[in-house]
Amino acid sequence: MTSGSAVLLSALERRQLLCIARRSVAVTIGAVSTRMFEFEVAAIALRQHAGAFVTLRLDHVIRGCIGHIEADRPLVDVVRRVAIAAATEDPRFGPVTANELPGIVFEVSVLGPLVEHADPLQIEVGRHGLVVDDGVSHGLLLPQVAVEWGWDARMFLAQTCKKAGLGSDAWRTTARVFVFEAEVFGEDD
């Protein structure tokens with residue numbers, strides 16, 4: 001089983017997306033004037049439809065993470081929207097403040113297509129992200145999460161089920177498992 005890969009971006013396009021994410025948050029929280037936020041997107045790759053997540057870290061600790069799975073909008077628009085949501089709407093945290101913003105490191109994960117996986121134990125930790133869906137609840141974990149926590153495939157599946165609010169073994173019984181690849185890059189790369 002092969003999953004489709006994410007949009008491939010040049011180094012310049014990656015920097016543009018990171019800049020757009022940071023500036024979108026800065027304008028939203030009042031850290032800069034909206035007049036300073038004029039950004040022309042010329043790159044065709046940034047206008048392709050793709051899903052994405054933006055993760056914010058402060059002192060290497062997650063400070064917000066929100067994404068959009070569907071590839072139904074231009075990537076640049078998705079990154080703007082989810083960056084703002086990660087900074088202001090993540091239910092685990094209060095809104096990011098202008099004082100915090102200089103210390104926050106932005107990371108973008110551009111998602112490839114979701115592909116149902118016939119044999120979940122064959123997922124590749126570090127390559128695949130997971131979505132577990134039982135028709136009512138679903139949970140998603142990005143590929144880098146399993147690596148950061150040192151999980152093997154079974155633990156990655158169990159934790160994705162828990163994120164969905166399901167039993168840790170739902171991937172064996174009632175839930176469908178989807179994989180995706182992501183192009184992950186950050187300001188500290």
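**Exercise 1.** Determine which residues of helix α1 meet which residues of helix α2, and how the two helices are placed relative to each other.

*Solution.* Start with the contact, which means heavy atoms within 4.5 Å: on the side of α1, Leu17, Ile20, Ala21, Ser24, Val25 and Thr28 take part, and they meet Leu75, Val76, Val79, Arg80, Ala83, Ile84, Ala87 and Thr88 in α2. Sorted by kind, the residues of this contact comprise 10 nonpolar, 3 polar and 1 charged. Next, turn to the geometry: α1 (residues 11-28) and α2 (residues 75-88) pack with their axes 8 Å apart and at an angle of about 45 degrees. The two helices are therefore oblique to each other, since angles under 35 degrees count as roughly parallel, over 145 as roughly antiparallel, 65 to 115 as roughly perpendicular and the rest as oblique.

The model is predicted, so local features need pLDDT of at least 70, side-chain atom pairs count only at pLDDT 80 or more, and totals for chains, interfaces and linings use all residues. Residues are numbered from 1 along each chain as its sequence is written, and side-chain values use heavy atoms, with hydrogens and water left out.

**Exercise 2.** Work out which strands β5 is joined to, and whether β5 is largely enclosed or exposed.

*Solution.* First, consider the partners, remembering that two strands pair if DSSP finds at least two bridges between them: β5 is joined to β7 (residues 176-180) by 5 bridges and to β6 (residues 138-141) by 4 bridges, and each pair runs antiparallel. Leucine 130 stands opposite valine 179 in β7 and opposite leucine 141 in β6. Finally, 4 of the 5 residues of β5 (residues 129-133) are buried (under 20% relative accessible area, with a 1.4 Å probe and protein chains only, whereas exposed means over 50%), so the strand is largely enclosed by the rest of the structure.

Technical notes: Axes are lines fitted to C-alpha atoms, for helices over the stretch in contact, and angles run from 0 to 180 degrees between N-to-C directions. Ala, Val, Leu, Ile, Met, Phe, Trp, Tyr, Cys and Pro count as nonpolar, Asp, Glu, Lys and Arg as charged, and the others, Gly among them, as polar.
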